[in-house]
Protein chains: 2
Amino acid sequence: MNNWVGMTEEQAGIVQKARKRVIESIGKNMDLYGVTLSTGHLYGMMFFQDKPMTLDEMGEEMGMSKTSMSTGVRTLTDLKMVHKVWEKGTRKDLYEVEPDWYQTFADFFVIKWQKSIEMNVQSLRKSAAELKRLGENDPDNEALQSIVATDTRKLEEAIHYYLWLGRLIDTFESGEVFKLVPKEEPQADSK
Amino acid sequence: MNNWVGMTEEQAGIVQKARKRVIESIGKNMDLYGVTLSTGHLYGMMFFQDKPMTLDEMGEEMGMSKTSMSTGVRTLTDLKMVHKVWEKGTRKDLYEVEPDWYQTFADFFVIKWQKSIEMNVQSLRKSAAELKRLGENDPDNEALQSIVATDTRKLEEAIHYYLWLGRLIDTFESGEVFKLVPKEEPQADSK
DNA sequence: ACGTTTGTAAAGTTTTTTCTGTACGTACAA
DNA sequence: TTGTACGTACAGAAAAAACTTTACAAACGT
């Protein structure tokens, strides 16, 4: 995984143990991004790699098949957590972790949540339109009107929420979010 | 699922179809919250329920076992997407969907992400401390110092990111987020 | 106290997902 | 063109998750 030349066994072991703790913690928590434990582990491992890695190197390091590395890396690149690196002289694909985690965070919501929002809004709008038509066609039917009114209100509130969520994610994408929540912790007032 | 009295078969069918579309869309997208399709479906179904439901009613409606409803509802209550309702006269537990989706969104991050952040920060800090000690014990070893420096920088950047993420989630929790992204879409300037 | 009802734990089954090994298409080198 | 290296699609095996049935403990009514 690294060049341990110039260090004692013990020193190398301490570094490896420190890395391993972090790798496993990251890997374990990456289920929030919808990736499997082992893909999360792969990501964590790559995080400590200074050089871009090939699929073979990953397989070696992870003790897993190259096929698994291929699918794992695909998942991670789809999420823009890892990207392909071009390097002349080798025919192998090289990958490295996207170092800007703020960007990774934003990308995740743009990629996954934004799509989900669009799907839901579309369903909600379509159903709301159908209910509207239904209500208009039989305005004197109280039972019907009552249900249509209740459902319509729910659908509209949901749409309202999703539009807000979309705007929130827009602020992630544009970087505007860093106005409200700066990357640097605000300095305490000096007297 | 509802009182269809006073409506024609056709009308009831249209309402049901409209609901079903939304329920399935919601259910399908709730994997972002780490819940299964069927639990998401359960949530969507309860969303259209006007009254709190019992486990038996859910099982009936979902065509699933009561045990599954029990575990599904547990998942949803843990996420505060659904909560228990007290009603005298019945021994059964009653549950209903939390209607404030903004709150649900905030709770999700507080419950799931905040915990994940804490775990990661703890691992990162511990490993950073170990590396610091390691470096201090052998200051002339260049190979060692180089690795320690590289890893330490990575760990610190990661901690920095997680602290930011924690502050972001704090703004969800406190409602401060609505200052930057208001629930109401800002009105266009009238000339 | 005794019998019911209710919710869930535990064990077992089914379904889904993950991972591996093989096979194949493409790209490059000679 | 032929041969080799590379990444991935595909099929099957292994592992994990979801769901059901059974069983049981706690709470209630009588």
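**Protein–DNA and chain–chain contacts in the predicted model**

The largest share of the surface near DNA strand D comes from H4(A), which supplies four residues. The model described here is predicted, and the values reported below were computed from its atoms. In all, 15 residues lie around DNA strand D, and those that come nearest are A:Ser70, A:Asp93, B:Thr36, B:Ser38 and B:Ser68. Of the atoms of DNA strand D that come within 4 Å of the protein, 73% belong to sugar and phosphate. When the residues of the surface near DNA strand D are divided by class, seven are polar, six are charged and two are nonpolar.

Around DNA strand C there are likewise 15 residues, of which A:Ser38, A:Ser68, B:Ser70, B:Arg91 and B:Asp93 come nearest. Sugar or phosphate accounts for 71% of the atoms of DNA strand C within 4 Å of the protein, and bases account for the rest. H4 of chain A and H4 of chain B each provide at least two residues of the surface near DNA strand C, and H4(B) contributes the most, with four residues. A base oxygen of DNA strand C, in turn, lies 3.3 Å from a polar side-chain atom of A:Thr67. The surface near DNA strand C is made up of two nonpolar, seven polar and six charged residues.

Between the two protein chains, 68 residues of chain B are in contact with 68 residues of chain A, and the area buried between them is about 6500 Å², with carbon and sulfur atoms giving 65% of it. Six salt bridges are counted between chain B and chain A; one of the salt bridges joins A:Arg21 to B:Glu130, with the closest N and O atoms 2.8 Å apart. The polar contacts between the chains amount to 36 residue pairs, both residues being at pLDDT 80 or more. On the side of chain B that touches chain A, at least two residues each are supplied by helix H1 (9-29), helix H5 (101-136), helix H6 (142-174) and helix H7 (177-180) of chain B. This side of chain B comprises 38 nonpolar, 15 polar and 15 charged residues.

Within chain A, A:Thr54 is located in the loop between helix H2 (37-47) and helix H3 (55-62). The residue counts as buried because its relative accessibility is 7%, below the limit of 20%. Leaving aside residues up to four places away in sequence, A:Thr54 touches A:Lys92, A:Asp93 and A:Leu94. A:Thr54 and A:Lys17, by contrast, are separated by 37 residues in sequence and by 23 Å in space, C-alpha to C-alpha.

Conventions:
Residues are numbered from 1 along each chain as its sequence is written. Chains are lettered from A and ligands numbered from 1 in the order in which they are written. This is a predicted model: local features need pLDDT of at least 70, side-chain atom pairs count only at pLDDT 80 or more; totals for chains, interfaces and linings use all residues. Side-chain values use heavy atoms; hydrogens and water are left out. Contact means heavy atoms within 4.5 Å. Buried area is the accessible area (1.4 Å probe) that two parts lose on being put together, summed over both. A salt bridge is a side-chain nitrogen of Lys or Arg within 4 Å of a carboxyl oxygen of Asp or Glu. A polar contact is a pair of N or O atoms within 3.5 Å; within protein, one must be able to donate a hydrogen and the other to accept it, and residues adjacent in sequence count only if both atoms are side-chain atoms. Ala, Val, Leu, Ile, Met, Phe, Trp, Tyr, Cys and Pro count as nonpolar, Asp, Glu, Lys and Arg as charged, and the others, Gly among them, as polar. Buried means under 20% relative accessible area, exposed over 50%, partly exposed in between (1.4 Å probe, protein chains only). A residue is near a molecule or strand if one of its heavy atoms lies within 4 Å of it.
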